[in-house]
Amino acid sequence: MGSLQSYLRAPLEFYRECAQSYGDIAFGRFLHFPICVLSHPRYVEELLVQGAENLEQSRFLRTPLKSLLHEGLLVAGADSHARQRPLLEKAVRGGIAATWGEEVVAAAERLAASWTNGEQRELYTEMLRVISEVLAVAAFGLSPHAIEMSALVNRAVDLVTDRMQQFPPIPDFVPTQGNLQVRKSLLEMDRALSAAIHEARARAATRNGLLSALVSARGEDGGQLSEPEIRDQIVMIHVAVRQNLAAALTWTFFLLNQREETYSKVSREVESVVGTRRASWSDAERLPYCDRVVKETLRLYPSVWQVLRHVVRDTQVGGHRIRAGTQVLMSQWVVQRDSRFFDDPEKFIPERWEPPQESKLAYFPFGMGPRGCFGERLTFLTVKLILAVLTKKFRLQLVQGRDVKPLPVFALRPGGCVLMEIRRTTADVLRE
Ligand code: HEM
């Protein structure tokens, strides 16, 4: 088994122990696969940025996600990745970004309207709900079937990402109950997406959203994107957004509950910037303290808690040779909580990000290099706007889950119930 057993038992502890016992670069194996664990930000950068041409996505991700993502960016080979990435970035800018802020506010307001004073809600479930609504419109625009279609994609994503936790993995062709369920869900999703793509083409893309942007996009050769290419991008965006954002939002409210004065500062900033108006995209740019809160949350609880790569050509990191065929593992969880790079690393201190300290190599919740995330701005915008809409109206008080442990599955989400009591703010009562 090599080190696989200790990784599977407790992945976050595995990374921490690796750094403590073996230092910033460690070699080992999972079964017969050679592995290398990097725990220093300079090494991470050297590999992911300078050494990028020697890398592919790790087979530990590619194999289990292939049936879902096909050639989607996260698992695409280098050439396909280089071709697709500018296309998706452009489609996200053209199809999503313009209406995203408005959709986030509308969905957060619907969520707030469904809450009543004094009731208790499980936060991760609520955050999944609000993000799913935003995502449905972002992906499918004004289609009357947006929510339904997006739910089919989310179901397939959840089943496939949950199945990744199984060990030993059972190959797709073995007809276990779980595999049959995944197969059925993928089939339903593919049928619905195929119909949606045909419909969007017939309507000449008038419904906004990513689907419309992809239908009108042109590839390098000037031709339309094929149906499989469009399908893969739509699925990719669901994989990238929903679980990551819901986790980030949940941890934000969780941490605000650990530090009363921070929660009050957030409320005061929202009150002074947004006041009685409806929150808007431009407000989100004027919430510097909230910005630091989100940044600090993603330091302590990075939704994406590890980055993996497959070395395809021998490469060098910190003077050490990493041979072709090695799977390299790097964890934001360990580097971003390392006392060499952050004072009081386990503490939630948004003030640590006050200027001039605005960025750090040891902070990489969005990855690095050519495969790094391009959703950073949308992430901050989303979390800040939802924070603004909800804190204007409610105070969320943690009643169960103070000791909840993070669960390192596909996204780093709470490993138990995070129950919040919903209390209307005095300012909101007075406004009425
Ligand atoms: C809390 C929120 C988010 C976090 C922590 C996050 C983090 C990451 C990380 C670390 C990667 C790199 C994975 C790797 O190197 O293997 C990534 C990739 C990606 N993210 Fe995000 N992300 C978030 C939200 C978003 C959003 C809102 C979008 C939508 C625009 C997005 C789109 C993508 C895409 C398309 C990729 C694949 C990029 C590629 O392979 O070239 N992400 N994300």
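## Terms and model

Two strands are said to pair if DSSP finds at least two bridges between them, and the strands themselves (E, at least two residues), like the helices (H or I, at least four residues), are DSSP runs numbered from the N terminus. The structure is a predicted model, in which local features need pLDDT of at least 70 and side-chain atom pairs count only at pLDDT 80 or more, while totals for chains, interfaces and linings use all residues. Residues are numbered from 1 along each chain as its sequence is written.

Strands of a sheet pair through backbone hydrogen bonds, either parallel or antiparallel.

Strands β2 (residues 33-38) and β8 (residues 327-330) run parallel and are joined by four bridges, with Ile35 standing opposite Gln327 in β8. By contrast, β1 and β2 run antiparallel and are joined by six bridges, and Phe27 stands opposite Cys36 in β2. These two strands, β1 and β2, form a hairpin with two residues between them, where Leu31 in the turn has a positive phi of about 50 degrees.

A residue counts as near a molecule if its C-beta atom, placed from the backbone, lies within 6 Å of it. Of the 26 residues around the ligand, those that come nearest are Ala240, Val304, Gly367, Cys373 and Gly375. The elements giving two or more residues to this shell are α5 (78-114), α10 (227-256) and α15 (376-393), and α10 provides the largest share, seven residues.
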